[in-house]
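Welcome! Please take a moment to look over the sequence and the fold before reading on.

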Amino acid sequence: MKIKYITLDDSFDATALTPYLDSTNQTICISGSLDDGFGTRLCQQLAFLNKTYRTTIIGMPTWDNTDFTQPGFAGEEIIYSTPFYLNPLDSLVKQIDQNFRTRFYSRPSDMVFRGYESTYRFGKLLLLHGKNLSGSIGEKKFKSLQ
């Protein structure tokens with residue numbers, strides 16, 4: 001697989017992208033920018049070139065704010081991950097939230113929940129497998145937050 005890293009300024013246009021695209025192969029474009037405006041511009045410019053250059057764009061969770069159903073994005077395959085979701089009705093989420101509010105007088109951030117989930121899961125796996133933890137990392141056991 002050939003990987004090419006490029007840096008684009010904020011005012012780039014489609015002509016800045018075409019030297020990196022191949023009309024005979026599909027190109028996968030990974031955008032590492034958290035700037036919504038940059039991501040929107042990149043997707044629009046690649047959608048404009050979509051008739052000649054087949055591309056798939058992989059973006060950041062911040063792209064969740066963008067409406068990709070608009071005509072400017074037509075025909076483009078856009079993939080982005082979602083931010084961390086916590087079900088507010090989950091009893092464990094409620095318990096952690098209440099405990100954090102009681103002890104620290106504030107709302108817990110996503111990192112509190114991630115930390116709890118990681119510590120719980122890997123602590124349980126360590127108790128179950130002992131020193132042989134590396135062989136059990138991929139197990140689906142002990143997922144606490146859904």
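Predicted model: local features only at pLDDT ≥ 70, side-chain atom pairs only at ≥ 80, totals over all residues.

**Helix α2**

Helix α2 covers residues 36-48, and its end C-alpha atoms are 18 Å apart, which agrees with the 18 Å that its 13 residues should span at 1.5 Å a residue. Where the helix starts, the backbone nitrogen of G37 has a side-chain oxygen of D35 within 3.2 Å. Further along, the buried residues of α2 are F38, G39, L42, C43, Q45, L46 and A47. Their cover includes helix α1 (14-17) along with the strands β1 (27-30), β2 (55-59) and β3 (77-80).

| Pocket | Volume | Lining by class |
|---|---|---|
| Largest | about 940 Å³ | 15 nonpolar, seven polar and three charged residues |

Which residues lie nearest the centre of the largest pocket? They are K4, T27, I28, C29 and I30, out of 25 lining residues. Strand β1 gives the most to this lining, with four residues, and α2 supplies at least two.

In the second largest pocket, α3 (91-104) provides the largest share of the lining, seven residues, while α4 supplies at least two. Among the lining residues are L92, F100, R103 and Y116.

**A look at Y120**

Y120 sits in helix α4, which runs over residues 110-129. Is Y120 buried or partly exposed? Its relative accessibility is 32%, so Y120 counts as partly exposed. Y120 and K143 are 23 residues apart in sequence, and their C-alpha atoms are 8.2 Å apart in space.

Notes. Residues numbered from 1 in each chain as written. Heavy atoms only, no water. Buried < 20%, exposed > 50% of the residue type's maximum accessible area, 1.4 Å probe, protein only. Expected span 1.5 Å × (residues − 1). Contact = heavy atoms within 4.5 Å. Polar contact = N/O pair within 3.5 Å; in protein donor to acceptor, adjacent residues only side chain to side chain. 1 Å grid on protein atoms, 1.4 Å probe; cavity = no way out; pocket = protein on both sides within 12 Å on 5 of 7 lines; lining within 4 Å. Points joined across faces, edges and corners; volume = space filled by probe spheres on them. Nonpolar A, V, L, I, M, F, W, Y, C, P; charged D, E, K, R; others polar.
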